[in-house]
Amino acid sequence: MPLPLYLLALAVFAMGTSEFMLAGLLPDIALDLGVTVGTAGSLTSAYAIGMIVGAPLVAASARNWPRRPALLSFLLVFAAAHAVGAVSTSFALLFTTRVVAALANAGFLALALTAAAALVPPDRKGRALAVLLSGTTLATIAGVPGGAVLGTELGWQATFWAVAALCLPAAAGIVEGIPAGHDADEETGKPALRTELARLTRPRLILVMLLGALVNAATFGGLTFLAPVVTDTAGLGELWVSVALVLFGAGSFVGVTVAGRVSDRNPGPVVTVAGPLLLIGWPALAVLAHQPVALFTLVFVQGALSFALGSTLIACVLHEAADAPTMAGSYATAALNVGAAVGPVAAGATLGTEAGHLGPLYASGLLVATALLIAFPFLRVVLGARSGVARL
């Protein structure tokens, strides 16, 4: 695999770290900027909103952009947003930088997927895309916990600076290794934008996008407010937050890997088994959170189940939108980030209730329950998005 591909993956790693890193930094951000933890949680929603708006908007506009200057511009804007965020003393300014960073992230990823495939021969495109997207998986395992440790030791601003610094070698790789223009075949065989947008009127596509959004809302709702559960409910030190995030990331890797192999053949077992287990797991985590062994075990399990079910539903979105090749990824990204925007807001609203720091875990359980109540009456329809049966 060519070196520029790995440098693109490094940029995706930085962006994935940025998207998830606030889970370990919220208490310190809230304290420094004089806001509540619940209000600080809206920073996660701000990033998700930027991705929701940016994914389809940039995917549509980037269809005809030259790769090198566009990738470089998006990456430098992303880095600059984090540098400004690191020196922010205003919550409003930090909120704004999160939206800007998310827009740049959406634009970069839309173009990087095409650029990665163009760097290798046709028979190696699948491997190239796997290398690129491994940046996101590695972010959940190493980047986010590492950012939490850095934030604990040097302040949350240090994590923002580290993300910005990771973009610099990736930018050099883009300048040296990415062609400046378009491929000769890039402009051929592409459906009209209006045709691709029309796919959004399909009821089955809307259904699986809704289910993916609800499951991801539960994931982000629980993950965003995990730090206070570890430090206050379980009574552990701040460094244990990093341990919890590592376990959640490792669980997500296991969940995606196993679900990917199973759901390629038959997604039914993933939905019908992982869904109910995920529903049980969130309130169980709340009940057992004061016991560290049970807490860390369930964090790993919930990471695995959340990403197994979520990735399977998003695969259904991509399959159903397969005839919208330049927009399908943006539909999946939008669905995920609608959930990422709604989840922390819904979870944060429970912090002022009697449930306290455990409220977000119960909220996540409620969001999964809503998804299952919607999914099971239409299970054949949902699974038809992969198997070709049960048309709407």
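Phe248 has a relative accessibility of 6%, so this residue counts as buried (under 20% relative accessible area, with a 1.4 Å probe and protein chains only). Do keep in mind that this is a predicted model, where local features need pLDDT of at least 70, side-chain atom pairs count only at pLDDT 80 or more, and totals for chains, interfaces and linings use all residues. Residues are numbered from 1 along each chain as its sequence is written, and side-chain values use heavy atoms, leaving out hydrogens and water.

The ring of Phe248 pairs with that of Phe307: their centres are 6.2 Å apart and their planes at 75°, so the pair is edge-to-face (centres within 6.5 Å, planes over 60 degrees apart). Phe248 belongs to helix H12 (residues 239–265) and Phe307 to helix H14 (residues 292–320), so the pair ties together parts 59 residues apart in sequence. Helices here are DSSP runs (H or I, at least four residues), numbered from the N terminus.

The whole structure holds 4 aromatic pairs. Another edge-to-face pair joins Trp156 and Phe160, with ring centres 5.4 Å apart and planes at 80°. These two sit 4 residues apart in helix H8, separated by about one helical turn. Trp156 is buried at 1% relative accessibility, and Phe160 is buried with a relative accessible area of 1%.

Phe160 also leads us to the largest nonpolar core, which has 52 residues (buried Ala, Val, Leu, Ile, Met, Phe, Trp, Tyr and Cys joined through side-chain atoms within 4.5 Å). Phe160 is among the residues that touch the most other members, as are Leu71 and Phe108. Helix H6 (91–118) gives the most to this core, with 11 residues.

Methods: Buried < 20%, exposed > 50% of the residue type's maximum accessible area, 1.4 Å probe, protein only. Phe/Tyr/Trp six-rings, centres within 6.5 Å; stacked < 30°, edge-to-face > 60°.
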